[in-house]
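User: I would like to learn how to read a few features of a structure. Please take them in turn, with the general idea and then the case at hand.

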Amino acid sequence: MMEQRRLFGTNGIRGIVNEDLTAKFALEIGQSIGTIFNNGRILLGRDGRSSGMLLSSAVASGLMSAGCSVYDIDMIPTPALQYATKTWRFDGGIVITASHNPPEYNGIKVMDADGIEISSEKEVEIEEIYYERRWRIAGWESIGKMNVKTGAIQDYKEAIKRHVDREKIERAQLKVVIDPANSVGALVSPSLLAELGCKVYTVNANIDGSFPGRNPEPTLESLGALCEAVRASRSNLGIAYDGDADRAIFVDETGQPHWGDKSFGIVEKFFLAENPGEKVVTPVSSSQMVNEIAEEYDGEVVWTKVGSTIVSRKMLEVNAKLGGEENGGIFYGPHLAVRDGAMTSALIVEILAKTGKKFSNLVKGLPTYYIHKDKVQCPNQVKQRVLERLLDETKEDRVETVDGVKIWFPDKSWILIRPSGTEPIFRLYSEAKTRRKTMNLISKYKFTLKRLIKSKL
Ligand code: MG
């Protein structure tokens, strides 16, 4: 089923359990991963999915067979495992998670010693070892050992607490409702925020791999129970996580959910107000709001290709302390340059406490733009030619080519057309001051793209 195609997508390997992602596959990919980690010590964790133990045991066997020692930390959010991998000086880390995908999916995310997901070069190396069956098989006397490791979540929570003003948060007496989607966010955030002095309520907080409460993708439409709980408890804030709790989506005190571009704007504003002149890293699909805030607060925006690992690595490269994505992924460098739902939550409650403002008012203080997304099918082999033709046709416009083609218009609206790295599609994103304008841009360029694709087939 997984013959000679890319195994790693934007965030690790994903598939349907016992179809794409079988125990045999997990064993062999574990062996392939173990080969590049060269007898190293590997931290291993998983999210709350029903298939977690099946895949985690198989990956562990593969790693040990290749000579690596495995340190199992059981269920844990991805950013907590990333933090432990770095601070405990492991050679690598692996989380068995499919993040926001539905319950039948699972996946494998691989971290380097710095806690950030491995580079695409290493992914390709693992894939080659897997397909050519060149994985290392250690002699019986040098197979790896299995160890149990505890304390990762406690260390992680203590580290987050050190980055915020605990006294101010405690004094604000905030009420917060948390919705971890019946997954591993439940292991960290409710107790973290309670220890910071918030009054915490929860919904969907028992871990259940069938995700009975809602899908692990925190869309605005799926957060009804959380919004209702915020209103009923008259809380100041609601927080929803995705399946591995690296992304957070916030609900204001009126029970209104806000997409991740808003929370990123709020964090960026307060970060730059306190740290003028700093750099902020974000993908080209993010709102120009990021730039407006940076101009107002004397910051500098560094634009990247789309992908959380790209943002992490760019932050290290340009020495930036803040990164963000529109999907609720916020990267706080002083803690660790990876997207982190619990760290983001602590930053947001700190902002509420310090400003004394309501979340809805903080949102109102941001520049308003509308973003719309869509996609167009396109065979992989013609993507490049279609992009070249598109560039030819847009010579008159202001164009950026950080990732795909981004065309700017005089009224500050833009459209971004980028080929997906994993699927035979083009992704389209547009932003404008009105919803109608974003829709118009998308339909106009869908038409153009379809014409170009047709002419290239
Ligand atoms: Mg995730």
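User: Where is C198 found?

Analyst: C198 sits in the loop between α7 (189–195) and β9 (199–202); helices (H or I, at least four residues) and strands (E, at least two) are DSSP runs, numbered from the N terminus. This is a predicted model, in which local features need pLDDT of at least 70 and side-chain atom pairs count only at pLDDT 80 or more, while totals for chains, interfaces and linings use all residues. Residues are numbered from 1 along each chain as its sequence is written, and side-chain values use heavy atoms, with hydrogens and water left out.

User: Is C198 buried or exposed?

Analyst: Buried means under 20% relative accessible area, exposed over 50%, and partly exposed in between (1.4 Å probe, protein chains only). C198 has 7% relative accessibility, so it counts as buried. Contact means heavy atoms within 4.5 Å. Apart from neighbours within four places in sequence, C198 is in contact with I169, L174, V176, L193 and V349.

User: Which residues of α3 are buried?

Analyst: They are T78, P79, A80, L81, Q82, Y83, A84 and T85. Because eight of the 10 residues of helix α3 (residues 78–87) are buried, α3 is largely enclosed by the rest of the structure. R89, which follows α3, has a positive phi, near 55°.

User: How do α1 and α2 cross?

Analyst: Two packed helices are described by the angle between their axes and the distance between the axes. Axes are lines fitted to C-alpha atoms, for helices over the stretch in contact, and angles run from 0 to 180 degrees between N-to-C directions. Here the axes of α1 (residues 23–37) and α2 (residues 52–65) come within 7 Å and cross at roughly 40°. Angles under 35 degrees count as roughly parallel, over 145 as roughly antiparallel, 65 to 115 as roughly perpendicular and the rest as oblique; α1 and α2 are therefore oblique to each other. Residues making the contact include A26, G30 and I33 of α1 and L55, A58 and G62 of α2.

User: What is the strand order of the open sheet of five strands?

Analyst: Strands of a sheet pair through backbone hydrogen bonds, either parallel or antiparallel. Two strands pair here if DSSP finds at least two bridges between them. The order is β14-β13-β15-β16-β17, with mixed pairing. β14 (300–304) and β17 (336–339) are at the edges with a single partner strand each, so one side of each has no neighbour in the sheet. From one strand to the next, the twist averages 15°. Within this sheet, β13 (residues 279–283) and β15 (residues 322–324) run parallel and are joined by two bridges, with L322 as the bridge partner of V280.

User: Which strands does helix α11 lie across?

Analyst: Helix α11 (residues 308–318) lies across β13, β14, β15, β16 (330–332) and β17, at about 155° to β13. Helix α10 (residues 289–296) lies across β13 and β14, at about 155° to β14.
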